[in-house]
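Me: I would like to go through the labels used for this structure and check each one against its value. Please give the number and the cut-off each time.

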Amino acid sequence: MARDSRQEARERLSALADAPVADTAAAHRLERDASLLGRLLAAAACDQNSGGQAPDVAPDDVGAALGLFEDMREQLDRLETQVVIEARRRGMDWRQIAQHQGLNSSQAASQRYQRLMTRLEEIRQGVR
């Protein structure tokens, strides 16, 4: 998906801001964790640029940030799966889904969905 298309998608979805809220826990956790990572990187940049006058970023802080990524990937996988299911429910075919995901074929979109479902099932069963 091209940069302009992504911005257009953001603007389109922003119009839904007043829609009733259902279960958005995964999205909120993802948003919170992304914000925490942004804070860490901003503090690290200040630490490097200010000669130590900014809050110190310890190796344990960086390690804690690295620890967030697996959960964030799982939340993204869940959200993507839910959106693909919604797309199918609303009559979108795999070709259309592929186009929106920036993939080259309907087969690629279908295979991506299957990989996500497999990964989430493995997580649910404790295999991953």
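This is a predicted model: local features need pLDDT of at least 70, side-chain atom pairs count only at pLDDT 80 or more; totals for chains, interfaces and linings use all residues.

Me: Which residues of α3 and α4 meet?

Reply: From α3 they are E80, V84, A87 and R88. Their partners in α4 are W94, I97 and Q101.

Me: What makes I97 count as buried?

Reply: Buried means under 20% relative accessible area. I97, a residue of α4, has 4%, so I97 is buried. With residues up to four places away in sequence not counted, I97 touches V84, A87, R88, M92 and A109. For one of these, A87, the C-alpha atom is 7.3 Å from that of I97, and the two residues are ten apart along the chain.

Me: Why is M92 called partly exposed?

Reply: The relative accessible area of M92 is 24%. Buried would need under 20% and exposed over 50%, so M92, at 24%, is partly exposed. M92 sits in the loop between α3 and α4. Apart from neighbours within four places in sequence, the contacts of M92 are A87, I97 and H100. In the stretch that follows α3 there is also G91, with a positive phi near 90°.

Me: How do you know that the span of α3 is close to the expected one?

Reply: α3 covers residues 59-89, 31 residues in all, and reaches 46 Å from its first C-alpha to its last. At 1.5 Å a residue, 45 Å is expected, and the span is close to that. α3 does have a kink of about 25°, centred on E70.

Me: Which residues of α3 are buried?

Reply: They are A65, M72, E74, Q75, D77, E80, T81, V84 and A87.

Me: Why is D33 called buried?

Reply: The relative accessible area of D33 is 3%. The cut-off is under 20%, so D33 is buried. D33 belongs to α2, which spans residues 25-49. Its contacts, leaving aside neighbours within four places in sequence, are L68, D71 and M72.

Me: How many helices and strands does the protein have, and how much of the protein is buried?

Reply: There are five helices and zero strands, in the order α-α-α-α-α from the N terminus. Of the 128 residues, 19% count as buried. Among contacts with a separation of 6 or more, 53% join residues 24 or more positions apart.

How values were computed. Residues are numbered from 1 along each chain as its sequence is written. Side-chain values use heavy atoms; hydrogens and water are left out. Helices (H or I, at least four residues) and strands (E, at least two) are DSSP runs, numbered from the N terminus. The expected span of a helix is 1.5 Å times one less than its number of residues. The bend at a residue is the angle between axes fitted to the seven residues ending there and the seven starting there. Buried means under 20% relative accessible area, exposed over 50%, partly exposed in between (1.4 Å probe, protein chains only). Contact means heavy atoms within 4.5 Å.
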